[in-house]
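Please look at the model before reading on.

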Amino acid sequence: MKCMRFIFQERFKGLPKKSDFKMVEEELPPLKDGDVLFEALYLSIDPYFRFMCKTLPIGVTMIGTQVARVVESKNKNYKVGDNVVGDFGWRTKTVANPDTVKSPFMPYILPDFGFVPLSAALGVLGVNGNTAWFGFWEILNPKPGETLVVTTAAGAVGSLVVQYGKILGMNFIGFTGSDEKVQWLKEELKIAHVFNYKSTDIEEALKKAAPNGVDCYFDNVGGNMSSIIYKSMNKFGRVSVCGSISSYNEDSEKPNLAPVVQETILIKELKLEGFIVLRWLDRWLQGIQRNLELIKEGKIKFKEDITKGFDKMDETFIGLLKGGNFGKSVVEV
């Protein structure tokens with residue numbers, strides 16, 4: 001029994017290249033008691049891979065989660081036909097004993113999503129959805145009538161955050177990276193104030209859209225843009241630091257420089273809190289269930305960017321870091 005997998009072959013220097021990865025064939029072992037054979041259906045492509053790979057050993061299977069189906073089982077907790085989310089990495093098949101998997105979470109069986117596609121388990125009903133849910137509600141402590149700014153507002157996380165703000169009755173401003181994404185946010189999600197940061201003066205946009213200042217900022221980018229947004233924040237503003245994609249591809253020997261922000265944080269008495277979503281692992285299914293309810297109630301929409309073909313994993317990841325995706329980036333095997 002064979003499978004295909006991508007190995008992490010070279011340490012990234014700036015933007016990752018196809019030569020940093022290598023697709024290889026692997027012979028899988030026969031199942032032992034407690035083992036399960038999982039076959040990948042969808043694989044997640046996420047920006048955080050870039051950051052995590054800084055410490056990933058050379059030669060190992062590239063990291064990542066996937067939706068997989070149980071095709072053979074010698075484990076009483078998993079039956080053939082079960083759909084699971086597992087932290088198996090970039091591989092088409094996996095033989096593992098779920099009880100001994102060394103990852104942040106053991107493979108978990110998905111509930112019935114109804115009309116929602118299984119691929120959503122990697123986005124709105126998975127890591128991205130929980131990142132948005134807990135990062136918004138738990139970190140920002142948002143209130144109706146407050147002003148919220150979201151960067152990468154058309155992304156898998158950001159697009160959910162702006163919709164939560166809309167449900168709560170906040171004033172919200174989104175920044176994204178293309179006119180197409182601006183149009184989608186305005187027409188599909190009904191966001192009045194959304195800007196293409198590549199062709200907009202950020203400071204002027206904030207003066208226009210948030211004349212009374214910003215109360216909450218969901219930060220996915222870091223860097224100079226965030227420094228500008230901090231200056232527009234009101235006293236006692238709150239910042240949920242979810243990502244820093246602006247610096248993920250920087251040369252570690254020549255890092256990008258941003259303006260000093262400590263004085264702004266001090267004078268405005270801002271609260272900044274970074275988070276890793278695994279903090280809420282004990283409430284994981286709670287976040288999934290809440291987002292599923294909101295989808296079925298028609299209160300939130302989501303967009304997926306699905307690429308077909310396992311051999312496209314590397315180029316899809318590289319494209320994501322260039323901003324080429326539109327919605328949650330997923331590869332269908």
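## Basis and terms

A crossover is right-handed if the path from the first strand over the helix to the second runs clockwise when the strands point away from the viewer. Helices (H or I, at least four residues) and strands (E, at least two) are DSSP runs, numbered from the N terminus.

The model is predicted; local features need pLDDT of at least 70, side-chain atom pairs count only at pLDDT 80 or more, and totals for chains, interfaces and linings use all residues. Residues are numbered from 1 along each chain as its sequence is written, and side-chain values use heavy atoms, leaving out hydrogens and water.

## The β-α-β unit

β14, helix α9 (residues 313-321) and β15 form a right-handed β-α-β unit. Strands β14 (residues 304-308) and β15 (residues 328-332) pair in the parallel sense over five bridges; two strands pair if DSSP finds at least two bridges between them. Lys-308 has Glu-332 of β15 as its bridge partner.

Strand β12 (residues 233-241) pairs with β13 in the parallel sense over four bridges. Leu-272 in β13 is the bridge partner of Val-239.
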